[in-house]
Amino acid sequence: ETVAGLLDTTITWSGLKIDTDLRWSLLPALVSAGVRGEVEIDAELELDNTATGKRQATRALASRPTKGAKDAAWDAVMHNNGLPNTIIEATIGGFQDPDHRDLMEAFVDRYFQELPSVWEEQTMEMAQDITAGMYPVFAASPELVAKTNVFDAQTVPSMLRLVTEGRDGAERALRAQAKDM
């Protein structure tokens, strides 16, 4: 309620100016929580129809907590070779959300199945960004670690290195979760 109030200015704090950058921080938080959606993102983009605004809107759209939004973000990153790098990076940023673990689990098998084609179709730089960025670390589980361990990187050493680094992050997350219990 406080974040929504700050965004729509029904709540004000002395000395705090809600500028464009702060608006693009508040709105995605609300979108990720499922309290705001596409209509509000479009309205915000109308207020800030710049390259930065387009990146922020892309990120916010990808952060919506629905299977449809995650599927659309996945397809944009994994299958649309015509998107600018900055839009792909923004989409990855919105797609990966620690609060959407249940939605991320659906992408574990797809990640390993579709990753090799990314390396065939994308530039080396984008393939590396996608490999690291789309690794389903927020779906950390012993199953994810096991699937990573048997993943055949099809003779692309950099792909295997990045996937292994993702696995290491998942293992750290699992150790932290065990410690928290």
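Leaving aside neighbours within four places in sequence, which residues is Lys70 in contact with?

## Lys70

Contact here means heavy atoms within 4.5 Å. Leaving aside its neighbours within four places in sequence, Lys70 is in contact with Ala62, Ser63, Arg64, Gly94, Phe95, Asp97, His100, Leu103, Met104 and Phe107. The model is predicted: local features need pLDDT of at least 70, side-chain atom pairs count only at pLDDT 80 or more, and totals for chains, interfaces and linings use all residues. Residues are numbered from 1 along each chain as its sequence is written, and side-chain values use heavy atoms, with hydrogens and water left out.

Lys70 belongs to helix H5 (residues 67–79); helices are DSSP runs of H or I, at least four residues, numbered from the N terminus. Lys70 is buried (under 20% relative accessible area, 1.4 Å probe, protein chains only). It has no salt bridge (a side-chain nitrogen of Lys or Arg within 4 Å of a carboxyl oxygen of Asp or Glu). Asp97 is the nearest side chain of opposite charge, 5.2 Å away. A polar atom of the Lys70 side chain lies 3.0 Å from the backbone oxygen of Ala62.

Leu27 sits in helix H2 (residues 20–32) and counts as buried because its relative accessibility is 1%. Beyond four places in sequence, Leu27 is in contact with Leu7, Arg36, Glu40, Ile41 and Glu44.

H2 packs with helix H3 (residues 38–47) at an angle of about 170 degrees, their axes 11 Å apart. Axes are lines fitted to C-alpha atoms over the stretch in contact, and angles run from 0 to 180 degrees between N-to-C directions. The two helices, H2 and H3, are therefore roughly antiparallel (angles over 145 degrees). Arg23, Trp24, Leu27 and Val31 of H2 make the contact with Glu40, Ile41, Glu44, Leu45 and Leu47 of H3.

Terms used:
Buried means under 20% relative accessible area, exposed over 50%, partly exposed in between (1.4 Å probe, protein chains only). Lys and Arg count as positive and Asp and Glu as negative; His and the chain ends are not counted. A polar contact is a pair of N or O atoms within 3.5 Å; within protein, one must be able to donate a hydrogen and the other to accept it, and residues adjacent in sequence count only if both atoms are side-chain atoms. Angles under 35 degrees count as roughly parallel, over 145 as roughly antiparallel, 65 to 115 as roughly perpendicular and the rest as oblique.
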